[in-house]
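Please open the structure in your viewer and keep the selection tool at hand.

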Amino acid sequence: MGRAFEYRKATKLKRWGHMAKTFTKIGKQIAIAVKAGGPEPENNPALRACIANAKRENMPKDNIERAIKNAMGKDQSDYKEVNYEGYGPHGVAIFVETLTDNTTRTVGDVRSVFNKFSGNLGTQGSLSFLFDHKAVFTFKEKEGLDMDEMILDLIDYGVEDEFDKDEETGEITIYGDPSSFSAIQKHLEAEGFEVTGAEFTRIPNDLKDVTPEQREAIDKMVERLEDFDDVQTVYTNMKPAEEE
């Protein structure tokens with residue numbers, strides 16, 4: 001199992017926070033997908049991906065349909081994707097992804113947390129070199145599937161040769177080039193795979209050792225950032241406890 005899978009498994013439970021917050025975040029993602037490609041999932045690959053993620057998080061069907069309907073409203077605010085990067089306490093890199101309809105509010109909220117925890121909010125792009133941006137797809141395994149052959153089919157899309165299989169659910173997870181997100185999704189669907197998750201993630205390429213006390217401070221900072229509705233995901237380069 002590669003570094004990406006090890007890191008993702010070790011940090012998965014800290015990504016989203018409470019379920020109510022999760023539904024709010026997914027609702028924003030659905031709004032962006034609908035605004036960009038329309039409300040019909042069969043004609044909108046991005047919306048299909050959002051719906052797959054919503055189902056994966058056990059978001060009720062009524063909530064999904066309501067989010068799509070709300071996104072079609074004339075008075076629905078347009079959300080923008082804005083990233084914030086900086087260092088938290090003890091020199092740990094913090095990468096914050098947001099979806100916002102008010103950047104003034106969002107940057108104020110994010111900056112307040114960095115200041116409270118004696119961090120330093122940097123300029124956009126200043127820490128991107130510390131994280132590998134990846135497209136992540138999870139799908140149900142089909143009978144007789146040859147993963148080595150499948151990876152060869154996807155190699156032109158920048159898909160890595162390592163994959164993860166969940167023996168309990170029969171799901172397979174692959175990582176690829178973010179710029180090939182739509183192409184990978186279309187290929188999986190064309191081959192008849194049931195895609196159960198499609199998203200982006202950031203994998204730190206230089207993990208930083210911390211003490212238990214330092215970890216506690218960083219965890220509190222991340223939790224405070226995740227409390228904001230505008231914040232989608234918070235990444236750090238702190239070494240997961242399971243790897244120590």
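Select helix 3 (residues 45-56) and helix 7 (residues 181-190), whose axes come within 10 Å and cross at roughly 75°. Helix 3 and helix 7 are therefore roughly perpendicular to each other, a term for angles of 65 to 115 degrees. Axes here are lines fitted to C-alpha atoms, for helices over the stretch in contact, and angles run from 0 to 180 degrees between N-to-C directions. Helices (H or I, at least four residues) and strands (E, at least two) are DSSP runs, numbered from the N terminus.

This is a predicted model, in which local features need pLDDT of at least 70, side-chain atom pairs count only at pLDDT 80 or more, and totals for chains, interfaces and linings use all residues. Residues are numbered from 1 along each chain as its sequence is written, and side-chain values use heavy atoms, without hydrogens and water.

Next, select the four strands of the open sheet, which has the order 3-1-2-8 and antiparallel pairing. Two strands pair if DSSP finds at least two bridges between them. Strand 3 (120-121) and strand 8 (231-236) stand at the edges with a single partner strand each, so one side of each has no neighbour in the sheet.

Now select strand 1 (residues 80-87), which pairs with strand 3 in the antiparallel sense over two bridges. At Tyr87, look across to Asn120 in strand 3, which stands opposite.

Helix 8 (residues 212-226) lies across strand 2 and strand 8, at about 165° to strand 8.

Technical notes: Angles under 35 degrees count as roughly parallel, over 145 as roughly antiparallel, 65 to 115 as roughly perpendicular and the rest as oblique. Contact means heavy atoms within 4.5 Å.
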